[in-house]
Amino acid sequence: MTLNLKAKWYCAILFGIKDVEYREIKDYWTKRLSKIKSGDIVTFRLGYHKTHDDIRAKVTKIDIGSCPYQGWRGDYYRIHFTKVKV
């Protein structure tokens, strides 16, 4: 699965600052994330550009909970991961 990110979040993952990705609890994400399990590899991509380097990561778990970022209220899907060296 490829998860497209804004530059801020892509760079945070690239530099090892971020190890959890958040997605809204909506039918779209419920269907997509139901196909992923611990140990699966996901790809983080900067926006929708195919010319940038992708970041590959191994999912350690997916759960539901709050998000620590200011202004993000309620619960989200939390995709916990570790980067994989290519």
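Histidine 80 is located in strand 5, where helices (H or I, at least four residues) and strands (E, at least two) are DSSP runs numbered from the N terminus. The structure is a predicted model, in which local features need pLDDT of at least 70 and side-chain atom pairs count only at pLDDT 80 or more, whereas totals for chains, interfaces and linings use all residues. Residues are numbered from 1 along each chain as its sequence is written, and side-chain values use heavy atoms, with hydrogens and water left out.

Histidine 80 counts as buried because its relative accessibility is 16%; buried denotes under 20% relative accessible area, exposed over 50%, and partly exposed the range in between (1.4 Å probe, protein chains only). The C-alpha atom of histidine 80 is separated by 9.5 Å from that of lysine 18, although the two residues are 62 apart along the chain. The C-alpha atoms of valine 84 and lysine 18 are 14 Å apart, with a sequence separation of 66 residues. Valine 84 is classed as partly exposed because its relative accessibility is 30%.

Six salt bridges are found in a search of the whole structure, each defined as a side-chain nitrogen of Lys or Arg within 4 Å of a carboxyl oxygen of Asp or Glu. One of them joins glutamate 21 to lysine 18, with the closest N and O atoms 2.4 Å apart. Glutamate 21 and lysine 18 are both buried. A network of salt bridges links Lys18, Glu21 and Arg23. Elsewhere, lysine 37 and aspartate 40 form a salt bridge through their side chains, at 3.3 Å from N to O. Lysine 37 is exposed, as its relative accessibility is 56%.

A further salt bridge is formed by the side chains of aspartate 63 and arginine 78, at an N to O distance of 2.9 Å. This pair links distant parts of the chain, with aspartate 63 in strand 4 (residues 55-66) and arginine 78 in strand 5, 15 residues apart. Aspartate 63 is assigned as buried because its relative accessible area is 19%.

The largest pocket has a volume of about 220 Å³. On a 1 Å grid over the protein atoms alone, a pocket is an open set of points where a 1.4 Å probe fits, with protein on both sides within 12 Å along at least five of seven lines, and lining residues have an atom within 4 Å of a point. Grid points are joined across faces, edges and corners, and the volume is the space filled by probe spheres set on the points. The lining of the largest pocket comprises 13 residues, with Trp9, Glu21, Tyr22, Arg23 and Trp72 nearest its centre. Strand 1 (2-5) and strand 2 are the elements that give two or more residues to this lining. Strand 2 gives the most, with four residues. By class, the lining of the largest pocket contains seven nonpolar, one polar and five charged residues; Ala, Val, Leu, Ile, Met, Phe, Trp, Tyr, Cys and Pro count as nonpolar, Asp, Glu, Lys and Arg as charged, and the others, Gly among them, as polar.

Helix 2 (residues 27-33) contains leucine 33, which is buried because its relative accessibility is 5%. Leucine 33 and arginine 23 are ten residues apart in sequence and 9.6 Å apart in space, C-alpha to C-alpha. Threonine 30 is also found in helix 2, but is partly exposed, with a relative accessible area of 34%. From C-alpha to C-alpha, threonine 30 lies 17 Å from asparagine 4, at a sequence separation of 26 residues.

Phenylalanine 15 occupies the loop between helix 1 (7-14) and strand 2 (20-24). This residue is exposed because its relative accessible area is 62%. Together, Leu14, Phe15 and Ile17 make a nonpolar surface patch of about 360 Å². Patches are made of residues with over 30% relative accessible area and no salt bridge, nonpolar side chains (Val, Leu, Ile, Met, Phe, Trp, Tyr) being joined within 5 Å and like charges within 9 Å. Accessible areas come from the Shrake-Rupley method with a 1.4 Å probe, and for residues only the protein chains shown count as cover.
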